[in-house]
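Please consider the structure shown below.

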Amino acid sequence: MFEKIYNIFKEEKVVAVIRTKTYEEAKEISIAAIEGGMKVIEITMSVPSAPQLIKELKDKYNGICVGAGTVLTKDAVDECIENNADFIVSPCVDEEIIKYSNQRKVLIIPGLMTISEVNEVYKMGLKFIKVFPGTVVGK
């Protein structure tokens, strides 16, 4: 179902995670990342009007993959999908968000820290995870 996005992730291997306090700063950093060659961008929902920025970037640049990070509610999933997000990142294993994202046919990538969590989402059929928080387990 998500073969195109899977292939982009496999090929690029790096995701630029954009987390700022303002829309304009996030936009400026995202544009710099894209123009510098990044093909996969994650805009966290802590950025003001993050879904609108996702749409703006998707409308302006062809061939990039832009997703939403720190997605915590079904309403946020809906808003991100409505704004053309290619993927959803949850900071944890939230079965409700995972199932809902699958129902809405959007790639969901949960943030995980333990082998038990990896096993849990593997049994749900997920192919991608995010090691999170990276400062704790990503060193």
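Lys-55 is partly exposed, with a relative accessibility of 33%; on this scale, buried means under 20% relative accessible area, exposed over 50%, and partly exposed in between (1.4 Å probe, protein chains only). The model is predicted: local features need pLDDT of at least 70, side-chain atom pairs count only at pLDDT 80 or more, and totals for chains, interfaces and linings use all residues. Residues are numbered from 1 along each chain as its sequence is written, and side-chain values use heavy atoms, with hydrogens and water left out.

**Salt bridge within a helix**
- Lys-55 pairs with Asp-59 in a salt bridge (a side-chain nitrogen of Lys or Arg within 4 Å of a carboxyl oxygen of Asp or Glu), and their closest N and O atoms are 2.8 Å apart.
- Both residues belong to helix H3 (residues 50-60) and are 4 residues apart, about one turn of the helix; helices (H or I, at least four residues) and strands (E, at least two) are DSSP runs, numbered from the N terminus.
- Asp-59 is exposed, at 52% relative accessibility.

**Salt bridges between distant parts**
- Asp-86 and Lys-58 form a salt bridge at 2.7 Å, N to O.
- This pair links distant parts of the chain, 28 residues apart: Lys-58 is in helix H3, and Asp-86 is in the loop between helix H4 (74-82) and strand S4 (87-90).
- Asp-86 is buried, at 16% relative accessibility.
- Lys-130 and Glu-42 also form a salt bridge, at 3.2 Å, N to O.
- Lys-130 lies in strand S6 (residues 130-131) and Glu-42 in strand S2 (residues 40-44), so their pairing ties together parts that are 88 residues apart in sequence.
- Glu-42 is buried, with a relative accessible area of 3%.

**Whole structure**
- A search of the whole structure gives 7 salt bridges.
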